[in-house]
Amino acid sequence: MSLRRVLPILMRLALAATLLAGSAQAASGGDEISDAERLELAARLTADGEYERAARALGKVDTRAEELDLAKYHTVAGLIALNQNRNEDAVRNLEDAIAAGQADPTVQLYLAQAHFALERWREALAALDAAGETADALGGVWQMRAHAWWALGERQRALDTLGQAAARFPANNSFTRRQVFYLIEAGLYQEAAILGRQFLRRGDAKAEDYAAIGSALRRTRSYDEALAILESARLRYPDNDALSKALAQTWLEAGKPLAAARMLEQAALRDPALWVETAELYRRAGYPALALSLNARVPDPARKLKQRVGLLVELRRYGEVAGMESALRRAGALEDEDVRYALAYAFFRAGDFAAADRHLAALKRPELFRKATELRKVMEECADAPWSCA
């Protein structure tokens with residue numbers, strides 16, 4: 001969670017100065033506004049979110065003016081820069097404000113936010129520590145701390161930080177959620193699964209949470225539990241593709257490719273890019289003819305052609321494969337040596353040895369080169385004794 005979302009009320013209270021006399025004098029055409037009044041105007045505009053106008057007002061302030069509150073000047077300048085994503089300027093001004101005597105701990109939080117945006121993790125952590133209890137009272141600050149430690153490679157400190165935050169803010173489930181995702185990212189699937197079960201029992205999980213935790217359980221080979229969690233989530237979120245993909249992968253690894261294909265097919269109806277994977281799953285399940293019919297729905301012409309070649313070869317429809325040579329060449333699919341070998345094999349089975357040899361000669365990959373050598377030997381035997389290859 002961004003500090004920009006969790007801290008603005010505090011800073012508005014600190015900066016929203018009233019401009020009764022100064023603004024009235026300016027409106028009535030009285031004496032020229034002083035530098036101090038311009039600073040007050042900039043502070044008020046900053047508190048109201050009018051950063052462009054605040055910057056213009058602040059730009060008219062003479063920083064050499066006697067009795068100018070430099071701590072306030074640099075604080076306002078820093079907040080304007082921070083909200084305009086000029087994070088280097090924000091750091092410089094906020095540090096100058098602190099050096100000039102700005103003691104409000106909230107300024108340290110904004111300094112941490114600027115360092116955070118610049119991915120200066122240790123500086124961000126130092127600023128958060130300097131803010132003391134003001135920082136500790138905000139849940140978003142603990143998320144920042146954990147992220148900074150994780151980015152520094154201090155994974156255990158990140159997880160411990162989230163654990164402390166979860167204890168401090170028991171009603172906030174986001175800390176446990178982040179722990180689960182960190183554990184998954186670290187490849188600690190068993191630990192993620194254990195914590196994930198606790199997280200799901202809280203009852204406020206999102207579809208992507210179920211998908212991630214179900215996938216963590218899948219990686220620990222707890223297929224039955226993973227399927228139970230994912231299927232229950234699909235009842236709550238029937239149109240969520242992340243859940244459908246996670247279920248399909250789980251069914252596949254559980255040795256049920258047909259169930260996986262049927263699951264992914266539902267997602268493919270919403271996302272046509274999944275038709276190629278759906279067709280492949282039906283092929284693995286032993287339904288190449290159905291896979292071929294679904295291949296017609298694949299939107300990517302190159303992927304469609306490549307998959308179609310393999311399916312037609314599996315169905316022993318070699319003549320159709322041979323007839324695709326021109327289309328494959330136009331699509332650039334023959335640059336894929338697997339496709340070229342399949343085409344060569346189809347020409348061989350169709351009896352066109354010359355065409356087969358022409359494509360075999362283009363193969364460079366070691367394993368395909370060996371297969372091409374073996375196929376050439378078979379073609380030589382067939383040429384010497386045609387009846388042996390009938």
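How are α4 and α5 oriented to each other? The legends below take up this and related views of a predicted model.

**View 1. Helices α4 and α5 pack against each other.** Helix α4 spans residues 35–47, and helix α5 spans residues 51–59. Their axes lie 8 Å apart, at an angle of about 170 degrees. Angles over 145 degrees count as roughly antiparallel, so α4 and α5 are roughly antiparallel to each other. The crossing of these two helices is left-handed. On the α4 side, the contact uses Arg38, Leu39, Leu41, Ala42, Leu45 and Thr46. On the α5 side, their partners are Tyr51, Arg53, Ala54, Ala57 and Leu58. By class, the contact of α4 with α5 holds 8 nonpolar, 1 polar and 2 charged residues.

**View 2. Helices α13 and α15 pack with their axes 11 Å apart.** Helix α13 covers residues 174–185, and helix α15 covers residues 207–219. The angle of packing is about 40 degrees. α13 and α15 are therefore oblique to each other. Their crossing is left-handed. From α13, the contact takes Arg177, Val180, Phe181 and Ile184. From α15, Glu208, Asp209, Ala212, Ile213, Ala216 and Arg219 take part. Sorted by class, the contact of α13 with α15 has 6 nonpolar and 4 charged residues, with no polar ones.

**View 3. Helix α20 packs on α21.** Helix α20 is formed by residues 288–295, and α21 by residues 301–314. An angle of about 160 degrees separates the two directions, and the axes are 10 Å apart. α20 and α21 are therefore roughly antiparallel to each other. α20 passes α21 in a left-handed crossing. Pro288, Ala291, Leu292 and Asn295 are the α20 residues in the contact. They meet Lys304, Gln307, Arg308, Leu311, Leu312 and Glu314 of α21. The class count for the contact of α20 with α21 is 5 nonpolar, 2 polar and 3 charged residues.

**View 4. The second largest pocket has a volume of about 220 Å³.** Its lining consists of 13 residues. Closest to the pocket centre are Glu280, Lys306, Gln307, Gly310 and Leu311. Which element gives the most to the lining of the second largest pocket? Helix α21 does, with 6 residues. By class, the lining of this pocket has 5 nonpolar, 2 polar and 6 charged residues.

**View 5. Gln307 and Leu311 link the last two views.** Both residues of α21 meet α20 in the helix contact. Both are also among the residues closest to the centre of the second largest pocket.

Terms used. Residues are numbered from 1 along each chain as its sequence is written. This is a predicted model: local features need pLDDT of at least 70, side-chain atom pairs count only at pLDDT 80 or more; totals for chains, interfaces and linings use all residues. Side-chain values use heavy atoms; hydrogens and water are left out. Axes are lines fitted to C-alpha atoms, for helices over the stretch in contact, and angles run from 0 to 180 degrees between N-to-C directions. Helices (H or I, at least four residues) and strands (E, at least two) are DSSP runs, numbered from the N terminus. Angles under 35 degrees count as roughly parallel, over 145 as roughly antiparallel, 65 to 115 as roughly perpendicular and the rest as oblique. A crossing is left-handed if the near helix is turned anticlockwise from the far one by less than a right angle, and right-handed if clockwise. Contact means heavy atoms within 4.5 Å. Ala, Val, Leu, Ile, Met, Phe, Trp, Tyr, Cys and Pro count as nonpolar, Asp, Glu, Lys and Arg as charged, and the others, Gly among them, as polar. On a 1 Å grid over the protein atoms alone, a cavity is a set of points where a 1.4 Å probe fits but cannot get out, and a pocket is an open set with protein on both sides within 12 Å along at least five of seven lines; lining residues have an atom within 4 Å of a point. Grid points are joined across faces, edges and corners, and a volume is the space filled by probe spheres set on the points.
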